[in-house]
Amino acid sequence: MDSSDITTLEELKSYLYSAMQLEHATLPPYLVALYSIKPGTNLDATQIIRVVAVEEMLHLTFAANLLNAIGGEPDLTVPGFVPNFPTYLPDGEQEFLVHLAPFSRQTIENFLQIERPSLAPSGVNKLVARREHGPFLHLGTHPRQTTMRYYSIGDFYKAIEDGLVYLEGEAQKQGKTIFTGDAGRQITSQYYYSGGGHLHPVTDLATAVTAIRLVIEQGEGQTATIYDSQKELAHYYRFDQLIHGRYYRSGDAIEHPTGEPVSVDWDAAYPVKTDVKLADIPAGSELHQAAAAFNQAYARFLAEITEAYNGKPHKLMEAVAHMFEFRNAMTVLIRNPLPGSNGLYAGPTFEVSPEAAGAPQAGAESLEVVA
Amino acid sequence: MSQLEPFLAFSAEVTAFPIVELQGTGQAESYLQTVEDIVGTQRLDRLLVLYQSLPLATREDIRQARADRLRRDIFGSDELGPIARNIIKLWYSGTWYELPSAWTEAYGPAPQDVTFVVAPSSYVEGLLWTAIGAHPAGAKAPGYASWQWPPHIPPFAGDPAATPR
């Protein structure tokens with residue numbers, strides 16, 4: 001047994017919680033970049049980022065289904081679930097920071113790093129000592145050995161897949177199963193629509209492995225092919241099209257798209273202040289109130305999603321409607337100049353604390369406490 | 001000097017939407033440009049200077065005096081009133097409405113003064129959708145089944161039914 005292997009059900013649950021945290025953590029950066037694009041411009045980029053973001057939402061829900069299938073309780077309201085941006089992600093031997101930043105070439109290159117396909121080469125340990133020890137969250141950290149992290153997100157997910165297979169194999173030997181979760185807690189396509197792929201319930205090893213592979217293939221690409229088994233472009237190559245200014249088409253070699261041109265106007269975006277915080281916005285201003293209100297709405301949304309993932313799947317519909325409302329709130333923040341910042345713009349800060357979820361409108365200052 | 005700041009201040013008072021929301025539409029610069037192009041910078045400047053000279057509404061009695069002056073000096077003006085009303089309509093619908101012919105006869109010509117939608121995004125960003133708790137057809141989709149919940153009507157300044165902002 002390698003120390004990177006999952007050998008208990010409790011460990012598997014903590015990995016799946018980390019997987020939810022990881023999938024969720026990609027959303028704020030993708031959404032800030034998406035909504036920073038000026039209306040009517042960068043239509044190709046808008047579509048590409050939107051589709052990737054929606055697939056990340058699907059992955060988050062799949063992680064919740066996996067956790068529910070083995071008797072876990074998905075909780076997106078745990079303090080620290082939402083990173084205080086920037087946040088670290090692993091990239092082989094290196095670690096890099098993921099920022100909340102406007103649409104730009106640099107931001108898309110940051111997204112390419114997030115989605116870069118990489119697995120530890122054979123012979124290289126899948127667990128690597130963390131290099132950076134700053135104040136920011138490290139995604140891909142080993143749930144127990146917190147000074148260690150996975151070589152890549154692909155390795156992290158591979159550990160989950162191997163753990164599922166191993167633990168179910170052990171259980172079967174004793175005539176048992178690890179898939180003891182209530183099937184009524186599964187989110188299915190009945191509650192989740194147009195979400196970047198078919199959402200199936202996870203009830204046994206076969207459906208669990210299908211779910212985890214879909215997450216790996218759509219996301220980190222892991223295999224050396226551009227298209228996944230559903231004949232869809234992996235996220236890395238979707239973003240890569242913006243850098244190359246050209247769409248991939250079937251048969252293309254990696255890094256050499258030969259399809260229709262993609263027109264990109266890197267300047268047609270609101271210059272949102274990178275990793276903007278509530279503290280950057282003048283206290284007491286309308287803008288500060290709007291930013292604090294957004295964080296409250298976001299905290300409420302996470303609480304609603306948690307409820308939906310814990311036996312009330314029908315609640316997802318209402319949560320999604322609220323998601324569309326705060327989408328509008330995000331665009332409002334992004335289009336407002338940030339006073340005293342030399343021409344930068346405000347944006348959603350995603351500073352979410354448990355207090356924010358239930359707190360009344362007053363006391364906006366207390367929202368600056370970051371979970 | 002840019003007239004954006006006084007234009008936004010005037011717009012916020014006459015639309016009853018906060019400046020943050022107006023900026024949030026992303027249309028402020030293009031609306032200002034539209035008004036300047038059609039009625040001329042000098043005429044708009046006069047409206048905004050007049051607006052800035054109104055008494056500040058720090059007390060209830062002054063608030064009334066301010067509202068009266070706004071009504072009389074700007075909305076009651078043959079020259080500036082139609083422009084002020086058009087600015088409200090711009091924000092609410094994203095559309096510039098052709099000025100009344102009496103205005104053009106007295107203060108024209110205004111060759112660009114025809115009814116038009118300022119930009120595809122200005123239709124989407126019209127305040128009327130927010131004001132009625134709806135969304136523009138074909139954009140800003142509110143999510144499946146959202147129609148089963150009551151609309152969210154935002155409180156606005158001076159609304160007796162609303163809690164103060």
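**Helices and an interface in a predicted model**

Colleague: Which helices of chain A do the buried residues of H6(A) pack against?

Modeller: This is a predicted model, where local features need pLDDT of at least 70, side-chain atom pairs count only at pLDDT 80 or more, and totals for chains, interfaces and linings use all residues. Residues are numbered from 1 along each chain as its sequence is written, chains are lettered from A and ligands numbered from 1 in the order in which they are written, and side-chain values use heavy atoms, with hydrogens and water left out. Buried residues have under 20% relative accessible area (1.4 Å probe, protein chains only), and helices are DSSP runs of H or I with at least four residues, numbered from the N terminus. The buried residues of H6(A), including A:Ala208 and A:Val209, pack against H1 (9–25), H3 (43–69), H5 (153–173) and H7 (235–244) of chain A.

Colleague: How far apart are the end C-alpha atoms of helix H6 of chain A?

Modeller: The expected span of a helix is 1.5 Å times one less than its number of residues. Helix H6 has 14 residues (205–218), so it should span 20 Å. The model agrees, with its end C-alpha atoms apart by 20 Å.

Colleague: How many of the 20 residues of H9(A) are buried?

Modeller: Helix H9 covers residues 315–334 and should span 28 Å; its end C-alpha atoms are 29 Å apart, which agrees. H9(A) is largely enclosed by the rest of the structure, because its buried residues number 14.

Colleague: What area do chain B and chain A bury between them?

Modeller: Let's start with contact, meaning heavy atoms within 4.5 Å: 18 residues of chain B touch 18 residues of chain A in this way. In chain B, B:Val20, B:Tyr144 and B:Trp149 lose the most area to chain A, together 34% of what that side buries. Buried area is the accessible area (1.4 Å probe) that two parts lose on being put together, summed over both. Here 56% of it lies on carbon and sulfur atoms, and the total is about 1500 Å².

Colleague: Which residue of chain A forms a salt bridge with B:Glu125?

Modeller: A salt bridge is a side-chain nitrogen of Lys or Arg within 4 Å of a carboxyl oxygen of Asp or Glu. The rule finds one across the interface of chain B and chain A. Its closest N and O atoms are 2.9 Å apart, and the partner of B:Glu125 is A:Arg335.

Colleague: Which helix gives the most to the side of chain B that touches chain A?

Modeller: One helix gives five residues to that side. The helix in question, residues 19–24 of chain B, is H2.

How values were computed: Helix = DSSP H or I, 4+ residues; strand = E, 2+ residues; numbered from the N terminus. Buried < 20%, exposed > 50% of the residue type's maximum accessible area, 1.4 Å probe, protein only.
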